[in-house]
Amino acid sequence: MAEEFEAPGRGAKVAGVVAAAVVTLGSVGLMVGWGTGAIGGLPTLGGAGATAAGPAACKAPVAEDPPGYPALCAAFNRPDLPVLVGAPTERVSNAHSASSVTTGADGKKAGAPAVEVQIGAVDVRVEDVPGLSLEDYKLFTTPTPTALLGHPALTYSDHTLAVSFALGGSGKSTTGRGGVAHHLAVAKGDKAGGGAYEISIWRQDDQQPDEAALTRIALKVLPTLPGWAAAQ
């Protein structure tokens, strides 16, 4: 038996985010959430799961989470999120921090809040990338410029990283190319600089994620996020 998960690849490098992901445990199909924290560069198990009473609430912040995580999760983990991602019959089974903390040359730490939500086989994530210009995305991908809500924006796609952990004491793991992840980054203001929000979507099965869901989510969610400035 093996544990397998998929997480976005190149896009996380700009924000310095280690993506949280969902694990499929062998043939039983049990979906387990990954929470914050990392061992050897990979997320550790945790997260708030769904209960019989309803969908998962946001996982409580831990000491390593940036201060902006609770507000970001509250805004992103909204009741209509399953409809927006194109999975109206599914429910949120995990909502947790995928935040990162980086340490600068001066030793000061800076947090980049991020939230990941699992809805059935669909994973969606929103990242607050403060100080990031949309021009910076050209360093790691070839984005497609666009605009949304009067703000500069861009889209790009990459492949997830599929990791399989062998169970049963062998201790071996394998990595490979996974499915497609779609990303939409939108500047917080009406200029390309000054920070951005990035929304990503990918799946844990062999189906294609709904790229149009990024726009549906952004139109509803972005105006409710901290630091968002309405276009003049």
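Colleague: Is K138 buried or exposed?

Modeller: This is a predicted model; local features need pLDDT of at least 70, side-chain atom pairs count only at pLDDT 80 or more, and totals for chains, interfaces and linings use all residues. Residues are numbered from 1 along each chain as its sequence is written, and side-chain values use heavy atoms, with hydrogens and water left out. Buried means under 20% relative accessible area, exposed over 50%, and partly exposed in between (1.4 Å probe, protein chains only). K138 has 53% relative accessibility, so K138 counts as exposed.

Colleague: Which residue does K138 meet in a salt bridge?

Modeller: A salt bridge needs a side-chain nitrogen of Lys or Arg within 4 Å of a carboxyl oxygen of Asp or Glu. The N to O distance is 3.1 Å, and the partner of K138 is E135.

Colleague: How far apart are the closest N and O atoms of D205 and R203?

Modeller: The structure holds six salt bridges, and D205 with R203 is one of them. D205 has a relative accessible area of 26%, so D205 is partly exposed. R203 is at 17%, so R203 counts as buried. Their closest N and O atoms are apart by 2.7 Å.

Colleague: Are E127 and R125 buried or exposed?

Modeller: E127 and R125 form a salt bridge, with their closest N and O atoms 2.7 Å apart. Both residues are buried.

Colleague: Now the rings. What kind of aromatic pair do Y137 and F140 form?

Modeller: Rings of Phe, Tyr and Trp (its six-membered ring) pair if their centres lie within 6.5 Å; planes under 30 degrees apart count as stacked, over 60 as edge-to-face and the rest as tilted. The structure holds three such pairs. For Y137 and F140 the centres are 5.4 Å apart and the planes 45° apart, which makes the pair tilted.

Colleague: Which residue forms an edge-to-face pair with F140?

Modeller: The pair is 5.4 Å centre to centre, with 85° between the planes. It links distant parts of the chain, 16 residues apart: F140 is in the loop between β9 (122–129) and β10 (144–148), and the partner is in strand β11 (residues 151–166). Strands are DSSP runs of E, at least two residues, numbered from the N terminus. The partner of F140 is Y156.

Colleague: Why does Y156 count as buried?

Modeller: Y156 forms one aromatic cluster with Y137 and F140. Y156 counts as buried because its relative accessibility is 3%.

Notes:
Helices (H or I, at least four residues) and strands (E, at least two) are DSSP runs, numbered from the N terminus.
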